[in-house]
Amino acid sequence: MKSKTTLSALVLLLVIAIVVVVNILVSGLGFLNFRMDLTEKGIFTLSDGTRRIVEGLNPDKPVTIRFYATSDSRLMPQWGQTYGNTVRDLLLEITKASGGKITLENIDPRPNTEEEDKAVADDIQGYTVNEEGDKAYFGLAIQSLDKKEIIPTLTPAEEGTLEYQIARALSQVTRTKRSVIGVMSPMPISGPAFNFPPGMQQNQQRPWIAIQQLRLDYDVREVPMSSEAVDSDINILLVIHPADITPRAEFAIDQFLLKGGKVIAFVDPHCLVSRAYNNPGQMGRAPTSFVSPNSDLPTLFKEWGVGYDKNLVVADMTFRTANNRRAVPTFLSIPKEGINDKEPMTEPLQLVQMFSAGSFNVAAKGNVTSTTLVHSSEKSQLIDTTDAEKAMREDLKNFQASGKSQVMGVRLTGRFKTAFPDGQPKVTAPAAEGPGGMPGMPGGFPGGFPPGMLPGGTGGEDDKPAGAPAGEKKEEAKPSLKESANNDGVVFLFSDVDMEFDEFVVERDPMGGASMRMSNSNLPLLLNTVELLSGGADLIAVRSRSSANRPFTKLQELNANIEEQYRPRMQKIEQDLNDVVQEIAKGGGVKATQGLIMLNPNEAQAKQLQDKQVELMAKRRELIKEQTRMKDRREFLITLLNMAAIPLLIIAVGVTIAARRRSLQAAH
C-alpha cells in the first residue's frame, strides 16, 4: 500500500514537472507556441495588411511602441483592465511579426511618477479618477526616429478599429511623402464655404469626418468648383456632388485625368445633405449659395460610356433599411452579396449603406474597362425623385421589380480620351440672377457677390461673359491633351453623396462623449479607395474589420417575396379607396379637413360612400395584419430551426454512435 502511494506521488511530481517544462518552452522560449483563431472573421489574427506593413519596416529605422496602461485597480476601472489585456495581446502579435524591428515598452503611469511624466510628454490623455485629481492613463505612442503618432485614449467602444489605428500609425511614422488630395464640391465639406470680407460674420461649418480622416494621412486641398485647371501636384481629385458643374470645370477634371491624375466622384440624384444645407437653420448655418439636390458629370459620363439619369433613384425591396420600424426601399443596406469581394478595396467590407442612390449603366468605350464594385439586388426598380421622396414616409404602391441589379459603384480603368476634342469650352453668359444674389435665388449677398466669389467663376475680371464689349482682349484657346499617355487611368464612381456624410457613417457617444464608432463600411470604402490610389494597399484589409453588422438579408428577401404576393390585392384596395374618395369629392356633400373626409349628414349618398370607405379601410388593415402574421410565422420557423438544428444534430450523431456500438457488441 505504501509503495503504491509513493508511486502515485512520484507520478504526480513527474506530471507537474512536465507541465512546468512545457510551459517554459512555450511561453518563455516560444517553442511550439502557436494559436488557432476559429472565429468567423479572424478577429484574433493579424490581417494581411498589418502583416505586410510590419514585415516591410526598414531595419535601419526601428519603431518603438509605448503602451501606457495604469495597472493599479484603485485607479483603472475594470473595463480598462480587461481591455488592456486585449490591447497587449494585439501588440505582442504585431511585435512578434516584425522580427525584431518593433520594440514594445509597457509603461505603468501612476500618480507622481516618472512614468506619468512620460505619458504627459507623449500627449497621452489621462482620466481623472478621484477627488485628489489622480489620473489613470490608457493610450499608445508609436515612434520611429523623429516621427511620432499618438493614440491618446483607448476605449472598448473602438475595439473594432484598434488594429487599423495601430497599422495606420506604423504606416505614418515610416512613410516618407504624403499624397495630395484635391477636394471639389459646391458644399462646404472641407470647412467654411467662402472667405467673407472683414467685418462680416460667418457660421463656421466643421469639415466632414471623412475629410478629417483624410487629413490624418494626406495633404487635403480645396479645389473650387469654378476651377479651370487642377494643380499639377495634386495626386487624387475627390469630387463630391458636382451639382450644376460648368463645362470648364468638367474640362479641368478631364485634363487632370489625362495627365495621370486619379479621380473619385460621388454624384447623387436626390442628395439629402444638400437640401439641408439649403434650408436655413439646419446644419448650423445659413446657406451661402443654393446647391441643387441632384448632380452628375454629363459631358464626362458620355465620353466614358456611363449612362446615368440624375432624376432616377434606386428602390430595393431586399436591401432596404429599417427606419423607425419600417423599411425604406430607397435607403439601402448593402451586405456582402452586393459588394465585389474580388477587389482589394471592397473585399473586406461588410456593409455599405446608400441613401436615395442613383444607378450607372456602363458601356465603357475603347480601351476603358469597367468593374462593378457595389450593386443592388434583383428586386430593385428605378423610380423618380418624387416617388423617392414619398417612399421615405409611405410604402411604394406600384413597385415592380426590374429583375436585374442596379450598379451604384464602379471603377473605370484604361486609356481615356478627352471629352472635349475641341479644347477648353468657351465661357457662356451666366443665368439670370435674382437681385444681388445667386441665379434663381430671391436674395443673396447684400449688394451682390464681390468679384471672383460666384460659383462658375462669374464676377471676376478674368471671366468675361459672351457678348462682352468690342475691343476687349479675345480669349486664346489653350492647348489640351486628347488622350491619356498610358493605360493607367483610373476613375471611381459612386451614385450617392449622403453615404459619406457624418450622420450616415458614424454613431456618436449617446452620453455626449467624444468617442465614435463606424456604423457601416462607408467611410472605409472611401479611405480604402484613396489608399489604393495613393500607392499603398496594405491598410485596406485592416480598416474595414470594424464593421460587425451583418443584416439577415435572407429573411429580408423572404419578406419581400411575401409582400410581392400581397401587393396586387393591396393595390386593388388602394385603387378602390381612391375611387371612393373621388366620388365623395364629386358629390359635394363632404369637405376635406386636414386630410380627413368630413361627412355632411344631409347627403345620404355621401353616407353610403363613407361606409364603403370604412369597409375598404378595414379590409386594408386585415390584409396588412395577414401579411404581418405570415412574416412573423416565417421568422418564428427560421428562429426555431436555428435553435434546434445543433441539438438535433448532436442527438442524431449520438443515436448513430449508440446504434453502431450496439451492433458491434451483438456481433461479438
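**Close-up 1. The pair K148 and D122 in a predicted model.** K148 is partly exposed, with a relative accessible area of 34% (partly exposed lies between buried, under 20% relative accessible area, and exposed, over 50%, with a 1.4 Å probe and protein chains only), whereas D122 is buried at 6%. K148 and D122 form a salt bridge in which the closest N and O atoms are 2.8 Å apart, a salt bridge being a side-chain nitrogen of Lys or Arg within 4 Å of a carboxyl oxygen of Asp or Glu. Because K148 lies in strand β5 (residues 147–151) and D122 in the loop between α4 (114–121) and β3 (126–128), the pair ties together parts that are 26 residues apart in sequence; helices (H or I, at least four residues) and strands (E, at least two) are DSSP runs, numbered from the N terminus.

This is a predicted model, in which local features need pLDDT of at least 70 and side-chain atom pairs count only at pLDDT 80 or more, while totals for chains, interfaces and linings use all residues. Residues are numbered from 1 along each chain as its sequence is written, and side-chain values use heavy atoms, with hydrogens and water left out.

**Close-up 2. The salt bridge between R168 and E149.** The side chains of R168 and E149 meet at 3.0 Å, N to O, linking helix α5 (residues 162–174) with strand β5 across 19 residues. Both R168 and E149 are buried.

**Close-up 3. The salt bridge between R248 and E228.** Here the N to O distance is 2.7 Å. R248 is buried at 9% relative accessibility, and E228 is partly exposed at 26%.

**Close-up 4. A network of salt bridges.** D72, R74, D108 and R110 are linked in this network.
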